[in-house]
Amino acid sequence: MGWITTHPWAYPALEVLHILGIALLLGSLVLLELRVWGWASELSLRTLAGLALRVTLLGFALAAASGSLMLASQWSELQGNRALITKMVLLSLAGMNAIGFHARGGLDKADRTARLQTALSLGLWVLVVVCGRFIAYA
C-alpha cells in the first residue's frame with residue numbers, strides 16, 4: 001500500500017472518492033428519512049426506498065472501499081487513533097440500526113419507532129463524518 005502515500009495523486013483521488021461516497025450515502029438517506037417523517041407524502045415510500053437503498057449501498061461501497069485503502073496505507077500511524085476507533089464503532093451502530101429498521105418493517109410501518117430509528121440513523125452518520133474529519137487531528 002506504499003504506492004498510495006508515495007504517488008502524488010493516489011491519496012487525494014481516494015479522498016475525493018470517499019467524499020463522493022459519503023455524499024451519495026447521506027443524500028439518499030436524508031431523502032428517505034424525510035419521507036418516513038411525512039414529507040413529500042405524495043411520493044410512494046416503497047418506490048423512493050427502492051431507489052434510495054441502491055444509491056445508499058453504492059455510496060457506502062464507494063466510501064468503504066476508498067476508506068479501507070486510505071486506512072491500509074497508514075495503518076501503523078492510525079491503529080490507535082481514537083477518532084478512527086470511534087468512527088468504526090459508530091459505523092457498526094449505524095449498520096445495526098439499519099438492519100433493525102428493515103427487520104421490523106420500518107418502511108411498511110413508517111411509525112414513531114421508524115421515525116426514531118431514522119433520526120438515530122442520521123445522527124450516527126453525522127457523527128461518523130465528524131469522527132472521520134478528526135482522524136487527522138487525533
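**Entry 1**

I began with alanine 40, which counts as partly exposed because its relative accessibility is 32% (buried means under 20% relative accessible area, exposed over 50%, partly exposed in between, with a 1.4 Å probe and protein chains only). I was working on a predicted model, in which local features need pLDDT of at least 70 and side-chain atom pairs count only at pLDDT 80 or more, while totals for chains, interfaces and linings use all residues. Residues are numbered from 1 along each chain as its sequence is written, and side-chain values use heavy atoms, with hydrogens and water left out.

I placed alanine 40 in the loop between H2 and H3 (helices, H or I of at least four residues, and strands, E of at least two, are DSSP runs numbered from the N terminus). Its phi is positive, about 50 degrees, although alanine 40 is not a glycine. I noted beside this that most residues other than glycine have a negative phi. I then found alanine 110 in the loop between H6 and H7, with a positive phi of about 45 degrees, and at 24% relative accessibility alanine 110 counts as partly exposed.

**Entry 2: the chain**

I counted 7 helices and 0 strands, and the C-alpha trace spans about 50 × 25 × 20 Å along its principal axes. Of the 138 residues in the chain, 33% are buried. Among contacts between residues at least 6 apart in sequence, 74% join residues at least 24 apart (contact means heavy atoms within 4.5 Å).

**Entry 3: H2 against H3**

How do the axes of H2 and H3 cross? They come within 7 Å and cross at roughly 155 degrees (axes are lines fitted to C-alpha atoms, for helices over the stretch in contact, with angles from 0 to 180 degrees between N-to-C directions). That makes H2 roughly antiparallel to H3 (under 35 degrees counts as roughly parallel, over 145 as roughly antiparallel, 65 to 115 as roughly perpendicular and the rest as oblique). By class, the residues of the contact of H2 with H3 are 22 nonpolar, 8 polar and 2 charged (Ala, Val, Leu, Ile, Met, Phe, Trp, Tyr, Cys and Pro count as nonpolar, Asp, Glu, Lys and Arg as charged, and the others, Gly among them, as polar).

**Entry 4: H7 and what covers it**

I checked the length of helix H7, residues 112–134: at 1.5 Å a residue its 23 residues should span 33 Å, and its end C-alpha atoms are 33 Å apart, which agrees (the expected span is 1.5 Å times one less than the number of residues). I listed the buried residues of H7 as Ala114, Gln117, Thr118, Ser121, Leu124, Trp125, Val128 and Cys131. What covers them includes helices H2 (10–36), H3 (45–73), H5 (82–103) and H6 (106–109).

I took H2 as one of these partners, and its axis and that of H7 come within 10 Å and cross at roughly 160 degrees; H2 and H7 are therefore roughly antiparallel to each other. On the H2 side the contact includes Ile22, Leu25 and Glu33, and on the H7 side it includes Arg115, Leu122 and Val129. The classes there are 10 nonpolar, 2 polar and 2 charged residues.

**Entry 5: leucine 91**

I found leucine 91 in helix H5, partly exposed with a relative accessible area of 21%. Not counting residues up to four places away in sequence, leucine 91 touches Phe60, Trp125 and Val128. Leucine 91 and valine 129 lie 38 residues apart in sequence and 9.9 Å apart in space, C-alpha to C-alpha.
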